[in-house]
Number of protein chains: 2
Amino acid sequence: MTELHTITVQLHPSYDIHVGPGIIHHIRLHHRRIVVLADERLRDQHLPTVLAALRQQQSAEIHSVVLPAGESCKNLAVFSRTLSQLAQLGLSRDSAVVALGGGATSDLAGYVAASYLRGVAFYVLPTTVLAMVDASVGGKTGINLPEGKNLAGAFHQPRGVWADTELLTTLPASVFAEGMAEAFKHGLIEDTALINAILGQHWTAHSPGLVALVAQAICVKAKIVANDPHERHERAFLNYGHTLAHAVEAATHHTISHGDAVSYGLHYAAWLGKHLGMVDITAMTRAFIDQQRPQPLPELDFAELSGFMNRDKKADEAGLRFVLLEALAKPVLMRVDDATQAAAYADWWHDVKPTV
Amino acid sequence: MTELHTITVQLHPSYDIHVGPGIIHHIRLHHRRIVVLADERLRDQHLPTVLAALRQQQSAEIHSVVLPAGESCKNLAVFSRTLSQLAQLGLSRDSAVVALGGGATSDLAGYVAASYLRGVAFYVLPTTVLAMVDASVGGKTGINLPEGKNLAGAFHQPRGVWADTELLTTLPASVFAEGMAEAFKHGLIEDTALINAILGQHWTAHSPGLVALVAQAICVKAKIVANDPHERHERAFLNYGHTLAHAVEAATHHTISHGDAVSYGLHYAAWLGKHLGMVDITAMTRAFIDQQRPQPLPELDFAELSGFMNRDKKADEAGLRFVLLEALAKPVLMRVDDATQAAAYADWWHDVKPTV
């Protein structure tokens with residue numbers, strides 16, 4: 001008996017996220033025409049399994065289109081080309097698009113599904129922890145423009161998600177860790193049991209209990225998204241730790257991975273909270289860094305990072321606000337004066353700077 | 001005192017369509033940054049008026065972007081370029097996009113507004129009868145792909161529509177007539193008073209009563225759309241007369257305008273209904289053709305038109321269905337056997353073929 005968790009995302013219409021080992025072998029979709037859009041790195045490894053599973057359904061016409069790997073698919077050229085491929089395959093309104101890959105693949109595939117004939121059914125088979133606990137939940141899809149990341153897209157909820165935890169065993173350790181940072185963040189903003197579970201052991205793709213852990217992290221996001229489908233209120237809490245994380249990624253020209261940047265960013269947010277007399281979780285975020293062992297940071301300059309953080313203002317005419325914790329699992333959105341930002345930065349840097 | 005009609009479209013959220021002469025002088029929008037996307041043919045004539053009206057609102061930052069004329073803006077290149085322009089202008093989530101032009105302009109502008117940052121506020125200032133009674137109502141936006149028309153897009157409802165009937169006085173008569181054909185169709189499927197109003201006199205942009213007529217035609221579409229926001233059921237009735245109309249446009253390589261094709265298409269649908277023993281409205285659709293005086297048709301071949309009609313199947317795996325009338329204002333969707341299609345065609349062609 002395999003372990004299977006199902007989380008229902010309470011949107012209109014609602015949909016289910018299934019988590020378990022080996023579940024991609026058992027996918028059934030009731031559409032006459034189905035196109036699987038797959039990250040090219042999965043062409044030989046997982047795509048044939050998915051196509052074989054789908055082809056067990058009689059009379060369905062199953063196609064696949066291979067997309068450039070990872071983030072390199074998230075642009076207008078691939079978007080445009082993929083839409084044309086769907087048209088050439090004769091997809092109609094009652095056809096379906098399936099994403100097979102990480103968060104970038106499902107971002108592109110979801111935006112294509114949202115746009116083709118003004119919206120066709122969309123399903124997600126996430127292949128990374130990050131895609132399982134974050135990108136697959138909530139319907140944010142999109143592509144990058146030359147002017148910036150994720151500037152064009154749509155809210156398009158999937159009809160169903162199958163998160164097969166066996167697929168995680170083929171991931172590089174650094175990609176696995178990236179998703180754990182988001183899962184830890186989910187714990188900090190919403191679920192103290194999840195924090196304890198993550199800090200309680202060193203997690204790998206083979207850890208017993210991983211299926212339940214992934215399901216628990218998905219639950220957090222599913223709950224937040226159901227309360228705020230279009231990112232107007234509490235969904236902003238999911239950006240906990242991300243203000244500095246994005247700045248670190250930009251300042252290091254993305255030589256620091258998103259997951260590592262989030263690990264550092266969570267620790268900075270913790271220091272901000274401590275300086276403001278809110279709950280002090282710096283020991284906890286420090287423990288997570290010790291466990292994750294993110295790539296060491298290069299020498300960073302507060303003025304430069306601050307510049308990047310304030311450019312985030314563009315996302316909101318009201319200005320830059322940080323997500324902070326009043327207590328564990330009690331996030332709030334607030335402005336922080338420059339002096340406090342700088343003081344927290346000094347303490348943070350003292351903690352995270354590479355020791356020679 | 002000017003005549004002003006307001007129709008509320010009962011969607012979630014609902015929005016208002018204002019109809020009246022000169023109303024574009026009085027537009028007020030409460031956004032800090034606003035970009036007007038305008039058909040280039042309106043650059044000198046109406047765009048300055050709109051910008052001046054918007055600039056009366058203090059502290060708002062008003063920009064404009066000129067789009068290629070009419071249908072030539074509805075492609076991925078213009079879509080992509082316009083998204084980048086919004087990013088370069090620093091539009092944020094609480095900014096707004098305003099469409100100024102005909103249906104093609106609002107189709108492109110609406111899809112841009114739906115996509116930029118996954119959706120910003122969208123307003124429409126329609127400048128043709130067709131855009132007022134059809135494209136501005138219901139939130140269908142989109143662009144063409146090399147593979148076909150309107151294959152990519154989004155449902156994105158405007159926050160408000162201002163239909164200024166004074167703008168219609170600068171339209172060529174043929175463009176004015178195009179919208180009257182859609183208004184007449186609205187009458188046939190939903191509102192017998194509207195049929196009588198349209199057939200009761202020869203309408204021009206200067207006719208007294210035009211404001212009320214436009215408002216009445218908008219009401220029909222607003223009602224249908226509110227019952228079926230995503231085009232799953234009765235919204236299909238809006239395609240009355242359009243199956244043959246699209247085939248005529250395709251067979252004549254669009255040398256027959258959409259409005260003229262719809263006038264002919266309504267008459268064919270009437271003949272189909274008569275052959276099936278349903279209500280006989282052939283005299284009524286014939287009277288409309290006599291009033292509209294559409295461009296004469298070239299020699300047409302039923303086999304060719306039938307081929308184009310059946311290609312519409314792509315839109316629905318269940319096959320081609322016609323909208324027909326059980327009674328005036330009582331539309332139904334049904335299959336029609338080939339022999340009946342051919343017999344109706346013979347009678348229709350006898351009625352509409354050019355007399356030498």
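Predicted model: local features only at pLDDT ≥ 70, side-chain atom pairs only at ≥ 80, totals over all residues.

Reader: What relation do chain A and chain B have to each other?

Author: Superposing chain A on chain B takes a rotation of 180° with 0.0 Å of shift along the axis, at an RMSD of 0.0 Å.

Reader: What percentage of the contact residues of chain A recur in chain B?

Author: The contact draws 35 residues from chain A and 34 residues from chain B. The same surface serves both copies, and the share of chain A's contact residues that recur in chain B is 97%.

Reader: How much area do chain A and chain B bury between them?

Author: Interface size is often expressed as the accessible area lost when the parts come together. Here, 48% of that area lies on carbon and sulfur atoms, and the area buried between chain A and chain B is about 3100 Å².

Reader: Which residue of chain B meets E231(A) in a salt bridge?

Author: Between chain A and chain B, the count is 2 salt bridges. In one of them, N and O lie 2.7 Å apart, and the side chain that meets E231(A) is that of R93(B).

Reader: Which element supplies the largest share of the side of chain A that touches chain B?

Author: At least two residues each come from α2 (76–88), α3 (103–115), β7 (140–145) and β8 (148–155) of chain A. By class, this side has 15 nonpolar, 9 polar and 11 charged residues. The largest share, 7 residues, comes from α2(A).

Definitions and conventions:
Residues numbered from 1 in each chain as written. Chains lettered and ligands numbered in written order. Heavy atoms only, no water. Least-squares fit on C-alpha atoms with pLDDT ≥ 70 in both. Contact = heavy atoms within 4.5 Å. Buried area = accessible area lost by both parts, 1.4 Å probe. Salt bridge = Lys/Arg side-chain N within 4 Å of Asp/Glu carboxyl O. Helix = DSSP H or I, 4+ residues; strand = E, 2+ residues; numbered from the N terminus. Nonpolar A, V, L, I, M, F, W, Y, C, P; charged D, E, K, R; others polar.
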